[in-house]
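Please open the model in your viewer and keep the selection panel at hand. The tour goes from one selection to the next and says what is found at each stop.

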Amino acid sequence: MCLFKFTARRLVFQAHCGLKASSSKKQNFCLEMARPSSNMADFREVFAKAKHIAIITGAGVSAESGVPTFRGAGGFWRRWQAQDLATPGAFARNPSRVWEFYHYRREVMLSKHPNPAHIAIAECEKRLSKQGRSVVVITQNIDELHRKAGTKHLLEIHGSLFKTRCTSCGNIAANYKSPICPALAGKGAPDPNTEDAAIPVEDLPQCEEDGCNGLLRPHVVWFGEALDPGVLTAVEKELDICDLCLVVGTSSVVYPAAMFAPQVSARGVPVAEFNMETTPATNRFRFHFQGPCGTTLPPALARHETEIIS
């Protein structure tokens, strides 16, 4: 059994977001490689030969579309950071406040559009599929911008802002309503002086399955919750067969996603990192391209001169 399979199955029971490995765990991942190359011509030669490409994306790819990350200094909604609201406990204590936060995020996302990085990935997938080659996007993002750009083979490991899950019957459904329920119309303002709406539970989003009417929650993985084992199994299969891996716009500190690319690299598969800055994993990769993903990624994924388009 490969290292990825063992670790993924062990971590499926651990929290997804904000979970960081201890320094000893980081040191055990694999030996550091030589300083990564930033030679685009060399990367393009590897890209031209790849048959199964896995692209792991994080908040950085969506930040260029104006999506707030709610991570780090200044990442507040009213007086709270995301980790104060995105928990089962917070929802149990105050579902109205949590729904205001997610209503605000949904409404913001409805006004955002894919940027050149999202589009380059989707166009690459479409083009290579005609050549018998595959691209899979494994994203930590919940904004659906990859889907909006046209990506078809997409694994959303943290869920989606535009899906709900019933707390009673467990039904999962896509939901693009704006507002998601009448009581949330005009609510969710992020200003710290805004008072909570204190919406009664019966007026919050309700399940529409026959005879249920249970309280809905966002279908996203909250702090303290396990990732979907089915999704992790799908990720495992894709990473086992990929012969090129790209890491785009992720800090490589949030586990278990941070372990994916280093373990692919450890078995000799080329990994290319596209990010605004270096990360704790940078020296484990063959390539590193620094700068905005919307600038660096399109030329990296453009049609190679050796490609034959029928």
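Helices (H or I, at least four residues) and strands (E, at least two) are DSSP runs, numbered from the N terminus. Residues are numbered from 1 along each chain as its sequence is written, and side-chain values use heavy atoms, with hydrogens and water left out. This is a predicted model, in which local features need pLDDT of at least 70 and side-chain atom pairs count only at pLDDT 80 or more, while totals for chains, interfaces and linings use all residues.

Next, select Glu144, which sits in the loop between strand 4 (134–139) and helix 9 (145–149) and has a positive phi of about 65° although it is not a glycine. Glu144 is buried at a relative accessible area of 8%, where buried means under 20% relative accessible area, exposed over 50% and partly exposed in between (1.4 Å probe, protein chains only). Then move to Ser252, another non-glycine residue with a positive phi, here about 60°, in the loop between strand 9 (244–248) and helix 11 (257–266); with 9% relative accessibility, Ser252 counts as buried.

The next stops come from the UniProt record, whose positions are given in the numbering used here, with shortened feature names and annotations that may be inferred rather than shown by experiment. Its unreviewed entry places the feature "active site" at His158, which you will find in the loop between strand 5 (154–156) and strand 6 (159–166), buried at 6% relative accessibility. The unreviewed entry also places "binding site" at Tyr102 and Arg105. Tyr102 lies in helix 7 (residues 95–110) and is buried, with a relative accessible area of 3%; Arg105 is found in helix 7 too and counts as buried at 16%. Leaving aside neighbours within four places in sequence, Tyr102 is in contact (heavy atoms within 4.5 Å) with Ala86, Leu161, Pro218, Val220 and Trp222.

Finally, colour helix 8 (residues 116–129) and helix 12 (residues 293–301), which pack at an angle of about 15° with their axes 8 Å apart. Helix 8 and helix 12 are therefore roughly parallel to each other, a term for angles under 35 degrees. Their contact is made by residues including Ala120, Ile121 and Cys124 of helix 8 and Leu297 and Pro298 of helix 12.

Definitions and conventions:
Axes fitted to C-alpha atoms, helices over the stretch in contact; angles between N-to-C directions. Parallel < 35°, antiparallel > 145°, perpendicular 65-115°, else oblique.
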